[in-house]
Amino acid sequence: SSSPPDAQDADAFFDGVDLRRLAERLPTPFHAYSAHAIRQRIDGLQQALHGLDATLCYAVKANSTLAILHLMAEAGVGADIVSSGELWRSLHAGIPAERIVFSGVGKTEQEIAEALAAGILRFNVESADELHTLQRLASDLHIAARAAVRINPDVDAQTHAKISTGKAENKFGVSIAEARRWFAEAGRLTHVRLDGLHVHIGSQILSVEPFRLALQRVAAFWRELEANGHAIASIDVGGGLGVCYRAGQDHPVAPADYAAAIREALAGFRGRILLEPGRYLVAEAGVLLTRVIRIKQGERQNFLVLDAAMNDLLRPSLYDAWHDIVPLVDGQRERTRYDVVGPVCETGDTFARDRELPELRPGDLVMIRGTGAYGASMASTYNSRPLAAEVLLDQRRHAIVRHRQRFEDMVAGEQPARDWDMA
Ligand code: LLP
């Protein structure tokens, strides 16, 4: 096993910015994102897909901060949304509706109507009820909706159970048998053009095999549909590409290998290929900067108490996720082991157990890596801790793209029960 990365001077520089100096200007905790790292990921993926008619639709949920969405819009990347809120953010950031796809099992009538009115590219439909609702609402609006069936390929993505979506027992998508019936009856859908397939089997996938298996199942179904006269205009291969959270331990799938699996499975497909990467584009482009509040000597272990907590970064609490923790401190220090925790009042507020680190002191700066995806976007104000600031770094400059919430922002919309009403 590898020991955690050392506090090398190089670690303190992110997109040319010295994070130690930045942290002197900004109170911790805050998130910092490297624009360069995000653009590199976009370019890398696009290069791997070269020659294919492929469109990236960034999974907004991974990091929905407007500045990140702006960056996506500038790079020509579309959006995969799962709510009206994400639709609003995406449009607001300049992502055109014709590059937006809408996924999710719980789209409400209101949300479907809004997406129809906006003229989004495609609905990834996950149930018969949703399909009929879409038909009815599109008919009311005299609009032709474009739809893909989300296939549940019954494939084990070999990832954490809470982020696995492609097994038959998961709530997502429909079986190929059910999708077959939808296409057989598609002639009755006067306002839905059912001409796409969609699959997304899970997240933080570190092997190409589950992707290959799911794509092969979808491709076999596409060929069957075409043979039966159903033209398929697009196949959406979802997201799920894993990233490196633990240096030396996680071995992500190379974009070239992922693209090769797509090329192979969809060989001969003449339509458009859509991809919904979230984590891959932003996770390693983000770090969370936090300071040591104190060291607490426990009965069995020492606790390193940080000023960041589970409300700022939920992944370790929710999925037991590993994030590399890198103190940005000078000088030679003894190494020791800590349980790394936040100030929130529950035991789950733990970033790492028994983690080997240099000996730290109150005020020391600590960087938590790999927090660009599902960090800020899953944050809450639990324990009345205001949402942390977010900073975008680009070519040795930095810009605040989200101010730390003030208490007034935190309670916006709240009021004492004054104006009672009869229900
Ligand atoms: N497409 C669909 C339909 C999805 O549900 C998701 C993620 C994605 C694309 C993007 O997946 P990605 O490329 O990011 O793996 N909060 C969890 C991850 C939940 C993923 C939910 N769906 C975490 O922090 O690990």
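Residues are numbered from 1 along each chain as its sequence is written.

The protein has 12 helices and 19 strands; these are DSSP runs numbered from the N terminus, with helices being H or I of at least four residues and strands being E of at least two. Its radius of gyration, taken over C-alpha atoms, is 23 Å, close to the 22 Å of the globule rule (2.2 Å times the number of residues to the power 0.38) for 423 residues, so the protein is as compact as a globular protein of that length. Along the principal axes, the C-alpha atoms fill a box of roughly 70 × 60 × 40 Å. Of the 423 residues, 46% count as buried, that is, 20 or more other C-beta atoms, placed from the backbone, lie within 10 Å of the residue's own.

The chain is divided into domain 1 (9-32 + 284-406) and domain 2 (64-277), with bounds from an automatic or database domain assignment. The domain centres, taken over C-alpha atoms, are separated by 34 Å. Where the domains touch, domain 1 contributes 14 residues and domain 2 contributes 11 residues; two residues are in contact if their C-beta atoms, placed from the backbone, lie within 7 Å. On the domain 1 side, helix 11, strand 18 (389-394) and strand 19 (397-402) each supply at least two residues. That side consists of seven nonpolar, three polar and four charged residues. Here Ala, Val, Leu, Ile, Met, Phe, Trp, Tyr, Cys and Pro count as nonpolar, Asp, Glu, Lys and Arg as charged, and the others, Gly among them, as polar.

The ligand lies between the two domains, because both give residues to the shell around it. There are 20 residues around the ligand, of which A59, S203, G239, G278 and Y374 come nearest; a residue belongs here if its C-beta atom, placed from the backbone, lies within 6 Å. Helix 10 (279-282) and helix 11 (315-319) each supply at least two residues of this shell. By class, the shell has eight nonpolar, eight polar and four charged residues.

As for confidence, pLDDT (the predictor's confidence in each residue, from 0 to 100) averages 96, and 98% of the residues score at least 70. Over residues 1-7, pLDDT stays under 50. Where pLDDT is low, the predicted coordinates should not be read in detail. For the complex, the predictor gives an ipTM of 0.99 and a pTM of 0.96.

Terms used: This is a predicted model: local features need pLDDT of at least 70, side-chain atom pairs count only at pLDDT 80 or more; totals for chains, interfaces and linings use all residues. A residue is buried if 20 or more other C-beta atoms lie within 10 Å of its own, exposed if 12 or fewer, and partly exposed in between; C-beta atoms are placed from the backbone.
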